[in-house]
Structure formats: C-alpha cells, structure tokens
Amino acid sequence: MFNMPKSQLQCYAESVYCTSSDLLSNLNSGKTPLDRLILVIAWSISTIRPLRFGVAPYNSILAETHHVSKGNLNVLLEQVSHHPPISALHATNDKENIEITWCHSPVSKFNGTSIETKVHGKRLLKLYNHKETYEMNSPNLIIRILPVPGTDWVGNVSIRCQETGLVAELNYISQSFFGFGACRRLIKGKIFNSLSMKNILYKIKGHWDSTVTVRNETTAEERVIYDAKEAISGLQAPIVKDLESVWPTETALVWGELSQAILSKEWEKAREAKKIVEERQRELLRERESKGEKWVPKHFTLSYTKDGWECSPIQKWVPDAPIVTL
C-alpha cells in the first residue's frame, strides 16, 4: 500500500490551516504595501511542505469535500472535477477580512528518471482592509526515482499585487542530479515594482524547509522572514466538534475505513476499502449517464477560459466547520 492515510484535498487544506505561527492573520500588520508583500511571500512559502518519498495521498473523488475551522479561519475544499482532476479551495477569515481562493489541476509527466507534476491554476489572496489582491501560482512537484530517490518542489513562482504593481519572483531550485550539494530545497528570488521598472528592491534567498531571508538592496539590511520550524512544527490533527453536522462527503468519512486499515497495517482490508470507494464512484457515474444528468459542484462554479480552469466560490464567506484544529 503506497498511500498515506489522507486525501489530496486534505493535503491542500493543511497547507493553509496547519501553521503554528499565524502567518495569515499577520498579513494585515504590514504598514506599507511592500511590508505586506514580504509577509505574503512568507505565507506563500509556508504552503510548501516536505513530502515523503514512496507514498502519496488518495486521489480525491468527485464531490469529496474537506471543511475545517482554525480560530477565525474557515477552510472549504471540494473536488469539482475528476477528469481532469481539479480541486477548489475557499478560505476566509471574517475578523481579519482575508479571503483565499485557488483552483488546482495537477498534470504529471514521466521523464525517465523522475515524475514531474505541474500544478496548473492560480491562487488569489485578498486583503480587504487594504483593498489588495495578490495573485500567485504553485511550484511543481518532482518525484526523483534515480539515481537517488526523493521529492522536491521546483520551478518559478510569481506573486503579484494587482493594485500596487509590486511583484515577487521566486525560484524553487532542484537539488543536483545525485541529490547532494547546497542546492537542496533552495529558494531564490527578488522583489521589484513592475509599474516603475526601477531596480530590484529586495533579494530573497534561503531554504524553504529551514529559513528564508530578504535583503534590502538599498540599505543592505538582511532579515529572516520565514522559519519553517517555527511555522509548521508542533501541529495537531483536526478533531470533530459536531459529528452530526459533518457532511457525508467529508474526506474523513469517505476514506475513513481505508485510513484506519493503513494505520493498523491491515493491507488486505485497506485494498478492499479502497476498491469500495472507487467502485461507488463508478456506480454514481453510471447512474448519472443513464439519466442523462451532468454533475455540478455544490460549493463552487467551474469554468474554462483561455488561461485554464477557474473555480469561483458560491458563498462570500466560508461558514464555521464542525471539524476544528488548534
């Protein structure tokens, strides 16, 4: 069994609600647009997590959801398409007036010695108190098979504030072919103003699984903006606060028997549980096709544009969830 006991939806959600330090609420503390962009960069880096080689989350099934609250932050995900696989996320903090939406559509390609998964789709982060919208993408996931097995995040990430014109360009750099050297989990980048096209304002460097710093190119002042140990250590699993209010589509219910079997190392039972979930998915598809029905998402609208798939939440604010985490 090569599955970890959680679904892809849960992994996406954890990158938003699983932080020890509240990087998201802290975004409003930036006094200037540049201060806030630097805080957004740190939050963006926090959504990238180390992955263990050889195991993968469950491929989420159509209509599966994950709904969790952490303090004033409410997070909701829905699997809005199965072919192609598309996951939609909506997170809101009504106290801080912050909203996050993203639409992820991963596409994998085998390259001989590795598998690269490109995560298509954009993320939008809105700070309503400052009337700012930040648009960003996700790095790509590399699963290296030879010569040294391992996983890594690679590629270019752009974070742009639509209103101020400030832009951060980050480069997640892959380790060397043999898996050695100082390039492991390296991140480099720069901040500049796209409207004035002046010189680079800040340079960014570090390792996304340890610390990342910014350097003011005018004053040469350098400081740490992200500490992975501080941000994602000591995390606690969500707990069910109100069982009766949990939706039947909740990932913990959909995959509960499979997860329990994996944790208990009952591999035959795990295979059977996985088979039941997948066969139920196929059965529902056959029922819809026989009736000529088209499935539509419950919590998002899904559309395709020249820029790719877009997911828009139906509700303005995500309601409190029956599942909570500290």
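1. The structure has one cavity of 30 Å³ or more. Here a cavity is a set of points, on a 1 Å grid over the protein atoms alone, where a 1.4 Å probe fits but cannot get out; the volume is the space filled by probe spheres set on the points, which are joined across faces, edges and corners.

2. A word on the source: this is a predicted model, where local features need pLDDT of at least 70 and side-chain atom pairs count only at pLDDT 80 or more, while totals for chains, interfaces and linings use all residues. Residues are numbered from 1 along each chain as its sequence is written, and side-chain values use heavy atoms, leaving out hydrogens and water.

3. Which residues line the largest cavity? They are H67, S245, V246, W247, E250, P322 and I323, where lining means having an atom within 4 Å of a point.

4. Now the cysteines. A search of the whole structure turns up one disulfide (a pair of cysteine sulfur atoms within 2.5 Å). C103 is joined to C311, S to S 2.2 Å. Because C103 sits in strand β6 (residues 98-110) and C311 in strand β19 (residues 308-313), the pair ties together parts that are 208 residues apart in sequence. Strands are DSSP runs of E, at least two residues, numbered from the N terminus.

5. C18 is in no disulfide; the nearest cysteine sulfur, that of C11, is 10 Å away. C18 is buried as well, with a relative accessible area of 8%.

Key. 1 Å grid on protein atoms, 1.4 Å probe; cavity = no way out; pocket = protein on both sides within 12 Å on 5 of 7 lines; lining within 4 Å. Helix = DSSP H or I, 4+ residues; strand = E, 2+ residues; numbered from the N terminus. Buried < 20%, exposed > 50% of the residue type's maximum accessible area, 1.4 Å probe, protein only.
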